[in-house]
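Reader: I would like to go through this structure by question and answer. Please keep to what can be computed from the atoms or read from a record.

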Amino acid sequence: MTSLDRKHLYIGGEWVAPASAETIAVENPATEEVLAHVPAGTAADVDRAVAAARAAFDSWSVAPDRFAHLDRLHTALAARAGDIARTVGLELGTPLKIAKAVQAGLPLTVLRSYADLVLPQPETVGNSLIEREPVGVVGAITPWNYPLHQVVAKVAAALAAGCTVVLKPSELTPLVAFLLVDAAHEAQLPPGVLNVVTGTGPVVGAAIAGHPDVDMVSFTGSTATGRAITHAAADRIAKVALELGGKSANVILEDADLVRAVKVGVGNAFLNSGQTCTAWTRMLVHESLYDEAVSLAAKTAGGYPVGDPFDESTRLGPLVSRTQQERVQGFISRASARLVAGGSPVPPKGYFVAPTVFADVDPASELAQEEIFGPVLSIIPFASDDEAVAIANNSKYGLAGGVWGSEERALSVARRMRTGQVDINGGAFNPRAPFGGYKQSGVGRELGEHGLAEFQQVKAIQR
Ligand code: NAD
C-alpha cells in the first residue's frame with residue numbers, strides 16, 4: 001500500500017469498485033521501488049464501461065456545449081500541471097524539466113486546440129448535403145512513453161467530435177491518467193462520456209478491441225499490438241486508428257549547418273531516453289561532413305548528464321522498465337557497427353542505459369531497421385541526395401524525419417521521404433498539424449482538424 005494507490009475505476013461518472021480485487025504494481029524506474037497499485041480491470045469492467053459510454057452517446061453526440069465542456073476540462077487539467085509533471089517523473093522517469101514542458105505542457109496545448117476548434121459547417125456537393133457525425137463509442141488504448149499526451153490526443157478529439165470513450169492507459173504508467181479523470185470529474189463531464197478501466201493489454205485492451213459495442217478503436221503502441229487490435233476489430237468491421245512505431249531518418253545534406261543539425265539531431269534521438277516513436281534514430285550524413293558529424297555526435301552524447309529525473313541537471317532519465325532496459329542492451333551488444341559513445345551499463349540501481357552512438361551502421365542491419373526505443377543513435381554516410389532518400393525510405397516504418405540543408409533542396413528531399421512528418425532545418429513540432437504514419441507506422445492521423453476527422457463519419461444527404 002502507498003499513498004498513490006488508486007482503488008477504483010471511473011465508469012458512468014462515478015468511482016466504482018472493480019470486478020476483481022487483483023491489482024497491478026506501478027514501479028519507479030529510477031529506484032526500482034513500487035510506487036503505487038491500480039486495479040487490474042477485467043472484461044466485466046470493460047462491459048460495464050462500454051455500456052456507460054453507449055448510454056451517454058445519444059445526448060453527447062448532439063450536445064451543443066461540448067466545446068465549453070472541453071474548455072472546463074482544460075482549466076481543471078491545467079490546475080494539475082505540476083502534479084502531472086511530477087507523476088510522469090515518478091512513473092516513467094522523464095527528467096522534471098522535460099516532463100514540465102512536454103509531458104504536462106503538450107497535452108494541455110492539444111486539449112486547448114480541441115476546445116478551440118469550431119465544428120465544420122455542413123458542405124454541399126451538387127445536390128448533396130455533406131454532414132459530419134461522431135463515429136460512436138471509442139475504445140482508446142495508449143502506451144507509456146508520453147502517457148498523458150497520447151491519452152489527450154485521443155480523448156480530446158473523440159469528445160470534440162461527439163464520441164464517448166472507454167480509455168485503457170498503459171499498465172506501466174497509469175497514474176497520470178487518473179489525474180485526467182480527476183479533472184474530468186471536477187469539470188463535470190456528463191456521466192459516461194469518459195470512462196477509464198486500468199489493466200493489462202491482453203485482458204482489458206483485448207476486451208476493448210474485441211467488444212461488439214465499441215465502434216472504433218484508437219490505439220497508440222507497438223506495431224505488433226496494432227496488428228492484434230486490427231485482427232480483433234476486423235470481425236465486426238470496426239474502425240481502427242493506429243499510431244505505431246518508427247525508425248525515422250535525419251538527413252544532413254552537404255550544405256547543412258552541421259553543428260546545429262547534429263546537436264538538434266542527437267537531442268531528438270535521445271528525448272525521453274529515446275523512448276519516442278518519432279525519434280530520429282538514423283542520422284544520415286553526406287560523406288563530405290561525415291567524420292566531423294561522427295565526432296560531434298559522440299561528444300554531444302557523451303556530455304548528456306544521466307541520472308535522477310528530479311535532479312535539475314539531468315538530461316537523460318531511466319528507461320521505463322527492466323524489460324525495456326534489457327531489450328535495449330541486447331540491441332547494443334549484438335551491434336556490429338563502430339561504437340563511438342556509450343554502450344556500457346550505468347548505475348547499479350534503476351533502468352538506465354548510457355547515451356549510445358554507433359557510426360558506419362549498415363542500413364540493412366538490425367540497428368538501422370528495428371525500433372530500439374532507447375538512447376541509441378545510428379550514423380550512416382551517403383554520397384548523393386538520391387542515395388539519402390533511398391536509405392531514408394529503406395524502412396518498414398514511416399512516421400517522422402528531418403532534413404538539413406538549403407531550403408529548396410531540403411524541401412525536395414522531404415517531399416521524397418515516405419513518412420508522415422518531416423522537419424526542415426529544425427522546424428518546430430506543430431500540435432495542430434496532422435500526425436501519423438506511412439507503412440507500418442500506422443493508419444490515420446491525430447491532432448488538429450485531421451485528428452478530429454478520424455472520429456467522424458461523413459454522411460451525404462441528397463435533395
Ligand atoms: P504496447 O503495444 O506493448 O502497448 C500499448 C498499449 O496496448 C498498452 O496499453 C498495452 O496494455 C496495450 N496492449 C498490449 N497488448 C494488447 C492486446 N493484445 N490487445 C489490446 N491492447 C494491448 O506498446 P508500448 O510498449 O506500451 O509502447 C511502445 C511502443 O509504442 C513503441 O513501439 C512505440 O514506437 C509505439 N508508439 C507509437 C506512437 C505513435 O504515435 N506512433 C507513440 C508512442 C509510442
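This is a predicted model: local features need pLDDT of at least 70, side-chain atom pairs count only at pLDDT 80 or more; totals for chains, interfaces and linings use all residues.

Reader: Is Glu243 buried or exposed?
Author: Glu243 lies in strand S11, which spans residues 239-243. A residue counts as buried under 20% relative accessible area. Glu243 has 4% relative accessibility, so Glu243 is buried.

Reader: Leaving aside neighbours within four places in sequence, which residues is Glu243 in contact with?
Author: Neighbours within four places in sequence are left aside here. The contacts are Phe219, Thr220, Gly221, Leu399, Phe435, Gly436, Gly437, Ser441, Gly444, Arg445 and Glu446.

Reader: What domains does the domain assignment give, and how far apart are the C-alpha centres?
Author: The assignment gives domain 1 as 9-244 + 441-462 and domain 2 as 249-431. The distance between the C-alpha centres of domain 1 and domain 2 is 30 Å.

Reader: What area is buried between domain 1 and domain 2, and which residues of domain 1 lose the most?
Author: In terms of contacts, 32 residues of domain 1 meet 30 residues of domain 2. The buried area is about 2,600 Å², with 59% of it from carbon and sulfur atoms. On the domain 1 side, three residues together account for 21% of what that side buries, and these losing the most area are Glu32, Trp144 and Ser441.

Reader: In what order do the seven strands of the open sheet run, and which are the edge strands?
Author: The pairing in this open sheet is mixed, and the order is S14-S15-S16-S13-S12-S18-S19. An edge strand pairs on one side only, which applies to strand S14 (338-341) and strand S19 (423-424).

Reader: At about what angle does helix H9 run to S12?
Author: Helix H9 (residues 258-270) lies across strand S12 (249-252), S13, strand S15 (356-359), S16 and strand S18 (401-404). The angle of H9 to S12 is about 175 degrees.

Reader: What is the phi of Gln188, and is the residue buried or exposed?
Author: Most residues other than glycine have a negative phi. Gln188 is not a glycine, yet has a positive phi of about 55 degrees. Gln188 sits in the loop between helix H6 (175-186) and strand S9 (194-196). With a relative accessible area of 61%, Gln188 is exposed.

Reader: What is the phi of Asn425, and how accessible is the residue?
Author: Asn425 belongs to the loop between S19 and strand S20 (438-439). The phi of Asn425 is positive, near 50 degrees. Because the relative accessibility is 25%, Asn425 counts as partly exposed.

Methods
Residues are numbered from 1 along each chain as its sequence is written. Side-chain values use heavy atoms; hydrogens and water are left out. Helices (H or I, at least four residues) and strands (E, at least two) are DSSP runs, numbered from the N terminus. Buried means under 20% relative accessible area, exposed over 50%, partly exposed in between (1.4 Å probe, protein chains only). Contact means heavy atoms within 4.5 Å. Two strands pair if DSSP finds at least two bridges between them. Axes are lines fitted to C-alpha atoms, for helices over the stretch in contact, and angles run from 0 to 180 degrees between N-to-C directions. Domain bounds come from an automatic or database domain assignment. Buried area is the accessible area (1.4 Å probe) that two parts lose on being put together, summed over both.
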